[in-house]
Amino acid sequence: MVEVMKKGAYLVDGQIVPAESAQGQAAPDAAREKTIAYSILRAHNKSGDAKKMRIKFDALISHDITFVGIIQTAKASGLKEFPIPYAMTNCHNSLCAVGGTINEDDHAFGLSAAKKYGGIYVPANQAVIHQYARERLAGCGKMILGSDSHTRYGAYGCMGVGEGGGELVKQLLDNTYDVAAPEVALVYLDGKPRKGVGPQDVAIALVAATFPKGDVKNKVLEFVGPGVKELSCDYRIGIDVMTTETSCLTSIWETDETIRAYYENIGRPEDFRELHPENGAYYDSVVKIDLSKVECMIALPFHPSIAYTVHELQENPEKIFAEVEAACNKQLGGKVTMDLRKNIVDGKVTCDQGVIVGCSGGMFENIMETAAILKGQSIGNGYFDMSVYPSSTPISLAITKNGASAALMEAGCIMKPAFCGPCFGAGDTPANNTLSIRHATRNFANREGSKPGSGQISAVALMDARSIAATARSGGVLTAATDIDYELPTAEELTYRYDGSVYAKRCYEGFGKADPSVELRYGPNIKDWPHMPKLADDLLVRLCAVIHDPVTTTDELIPSGETSSYRSNPIGLSEFALSRRVPEYVGRSKAVRALEEAREQGQVPAEVAAVLEKVGGDGAHTTVGSCVFANKPGDGSAREQAASCQKVLGGFANICYEYATKRYRSNCINWGIVPFTMDSGTEFPYEDGDWVYIPGVKKAIANGVEDFQAKVIRKDGSVTELPLKCAGLTADERLILQEGCLMNYYAAGYGKD
């Protein structure tokens with residue numbers, strides 16, 4: 001089904017040739033330039049250094065959890081006008097009723113910002129962030145930066161990168177996205193999917209094969225091969241959007257007549273061009289997928305990589321559920337117990353809810369095939385219920401006009417507007433300890449309504465829309481779409497008849513029309529960023545959370561769902577930091593922040609003086625902050641709040657073995673949190689309350705030093721050595737850390753021509 005080749009290879013005359021047996025080919029660095037990825041990256045690179053890229057994007061996009069903070073940061077840093085198209089969609093909190101007027105206040109702020117700075121505003125429920133980008137911004141050879149981790153448009157020949165808000169701020173201020181020249185992994189597609197196997201099945205298989213060992217982490221995935229032509233445009237993007245879960249940097253596909261037809265359909269034929277790797281292109285690793293062998297898949301809690309075929313689960317549910325329960329309950333730390341085996345009834349797995357939603361599930365073809373499976377059927381009147389969210393109003397119009405929406409409603413499905421909420425817990429949250437199957441992007445712990453600290457847990461499994469429909473048709477009994485008889489929609493029925501008139505009528509297209517006289521509209525919950533201290537000569541941080549889980553997600557660092565109502569209030573949102581994983585973290589961090597506030601006023605607290613005395617430190621020249629240790633933090637969402645909340649609470653450093661994603665590490669840097677790492681073989685026996693002292697940190701960072709000798713002052717008074725690293729910082733990143741955050745960096749006059 002999926003084979004991973006970790007060694008380099010060339011693509012010669014359409015065939016994969018392992019590097020060790022290749023003859024007459026260019027050296028890897030030169031041959032890598034022949035990839036589609038590098039043809040696009042080089043066209044956007046403003047650096048003269050081939051190894052260190054400085055990228056300028058063609059467009060930006062954000063949603064209503066992130067755009068207020070981004071604009072507030074850019075405004076504080078000197079923003080006058082958006083230099084490139086910047087679209088702000090309202091798809092994450094448009095149905096969330098928590099917090100009074102908060103959501104609509106943010107939406108009004110977004111429209112006023114679009115008018116003031118010359119942006120694009122997409123009202124609530126018009127489109128999810130990525131579908132709008134696909135239909136209105138993407139273009140072959142272009143690059144788009146989004147403040148959402150699933151910014152992926154590779155199937156359309158457009159490289160999408162998901163990052164934290166700080167990186168968008170840099171683009172808004174006409175600066176660059178700095179990244180080391182990435183490796184490229186070839187994803188070679190062969191064969192043709194069977195009836196009933198959908199894009200989510202292929203995606204889950206890909207994630208399961210690559211994520212656990214980090215095989216494609218921070219690489220660009222480049223999709224080519226004879227299997228590409230067997231896939232429709234919707235099918236391709238359904239796979240592509242899930243590449244985020246492999247932990248790759250971005251993705252790109254070769255393009256053909258299928259993609260040409262897409263651009264013609266959406267009224268932008270000029271944005272198409274054929275993209276193919278040059279003969280002899282070099283790839284640092286290879287993933288081979290035989291599409292004909294992919295089966296209907298299910299990804300069980302708590303990650304898209306916890307994957308099984310539906311048939312495997314049907315055949316041995318007791319064993320598989322027991323193993324998954326044990327892993328989940330260990331991760332939940334005893335706060336709540338997940339019970340999947342109660343969903344085994346008479347030897348069959350039963351499900352309680354089905355949801356097809358968002359940038360991965362709500363595509364036209366997914367909905368059309370779902371309607372074909374459920375036409376004339378009933379989902380029943382038991383515990384099982386089902387919701388379908390088309391990803392844009394043009395898709396909603398199309399399925400309304402062709403009758404698919406009616407067929408789904410007749411079967412008992414609820415049709416809903418474009419919305420991302422079910423992906424992160426702001427809509428269609430399942431009942432406690434029930435099993436929800438979803439064609440969505442993620443199924444992490446602490447998402448989709450889970451609140452382990454309050455004894456609440458939801459079990460979300462990812463499946464393709466086709467098998468969700470087959471399960472619904474079976475009254476909630478888990479069923480693979482390949483195991484039922486249904487009539488596929490015809491080619492005519494699968495033709496998406498795009499009508500963009502609703503965008504023209506409802507969206508504000510203001511790029512190039514900035515009006516400085518427009519006043520930003522503020523609601524009572526939209527607050528400015530608080531004061532961010534600069535980094536002093538030395539650094540003393542207290543461990544306020546020590547987490548030894550294999551991976552810590554951004555949803556654990558700052559929970560999604562109802563907490564997002566405070567997204568535009570930095571201090572209010574920070575109260576939820578790590579609340580579902582280490583509830584004591586906020587109080588501990590506030591106590592440390594108070595120590596730094598006193599020190600800044602010239603009064604070194606006795607507690608700080610006593611600690612520094614043990615290591616010969618000087619309180620007058622030592623920043624005091626909080627610190628989080630985690631084995632591998634930052635998997636998941638690009639939301640910068642995962643880092644900014646730490647900073648608001650006084651955070652100044654993180655320590656880990658590795659960062660799960662580049663975007664979380666970038667977020668930490670942009671918020672002045674020093675991203676320390678440790679060698680993988682080094683033990684970390686320290687606890688909450690221990691202090692870590694890093695002398696000379698400011699000068700060392702300024703000089704590009706990457707190895708630090710820290711001292712740990714334990715609660716019992718003992719002092720031990722702790723080797724730390726902070727490698728790969730760019731010159732700008734070193735300045736940002738010294739200044740304390742990106743806003744301080746701009747306020748100090750850096751980053752301006």
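**Sheet, helix pair and pockets**

Me: In which order do the 3 strands of the open sheet lie, in this predicted model?
Reply: The order is E3-E2-E14, and the pairing is antiparallel.

Me: What makes strand E3 and strand E14 the edge strands of that sheet?
Reply: Each of them, strand E3 (15-18) and strand E14 (281-283), pairs on one side only. From one strand to the next, the twist averages 35°.

Me: Why do strand E2 and E3 count as paired?
Reply: Pairing requires at least two bridges between two strands. Strand E2 (residues 9-12) is joined to E3 by 4 bridges, and the two therefore count as paired. They run antiparallel.

Me: Which residue of E3 stands opposite Val12?
Reply: Gln15 of E3 stands opposite Val12.

Me: Why is H13 called roughly parallel to H14?
Reply: The axes of helix H13 (residues 364-374) and helix H14 (residues 393-401) cross at roughly 30° and come within 10 Å. Angles under 35 degrees count as roughly parallel, so H13 is roughly parallel to H14.

Me: Is the crossing of H13 and H14 left-handed or right-handed, and what is the criterion?
Reply: The crossing of H13 and H14 is right-handed. That term applies if the near helix is turned clockwise from the far one by less than a right angle.

Me: What is the volume of the largest pocket, and which residues lie nearest its centre?
Reply: The largest pocket holds about 790 Å³ of space. Its lining comprises 32 residues, and Ala180, Lys662, Arg665, Ala727 and Gly728 lie nearest the centre.

Me: Which elements each supply at least two residues of the lining of the largest pocket?
Reply: Among them are strand E4 (52-55), strand E10 (177-180) and strand E31 (674-677), together with helix H23 (662-670) and helix H25 (731-739).

Me: How much space lies in the second largest pocket, and which residues are closest to its centre?
Reply: About 600 Å³ of space lies in the second largest pocket. It is lined by 21 residues, with His303, Ile306, Gln331, Pro550 and Val551 the closest to its centre.

Me: Which helix gives the most to the lining of the second largest pocket, and what classes make up that lining?
Reply: Helix H11 (residues 317-331) gives the most, with 5 residues. The lining of the second largest pocket divides into 12 nonpolar, 5 polar and 4 charged residues.

Terms used: Residues numbered from 1 in each chain as written. Predicted model: local features only at pLDDT ≥ 70, side-chain atom pairs only at ≥ 80, totals over all residues. Heavy atoms only, no water. 1 Å grid on protein atoms, 1.4 Å probe; cavity = no way out; pocket = protein on both sides within 12 Å on 5 of 7 lines; lining within 4 Å. Points joined across faces, edges and corners; volume = space filled by probe spheres on them. Nonpolar A, V, L, I, M, F, W, Y, C, P; charged D, E, K, R; others polar. Axes fitted to C-alpha atoms, helices over the stretch in contact; angles between N-to-C directions. Parallel < 35°, antiparallel > 145°, perpendicular 65-115°, else oblique.
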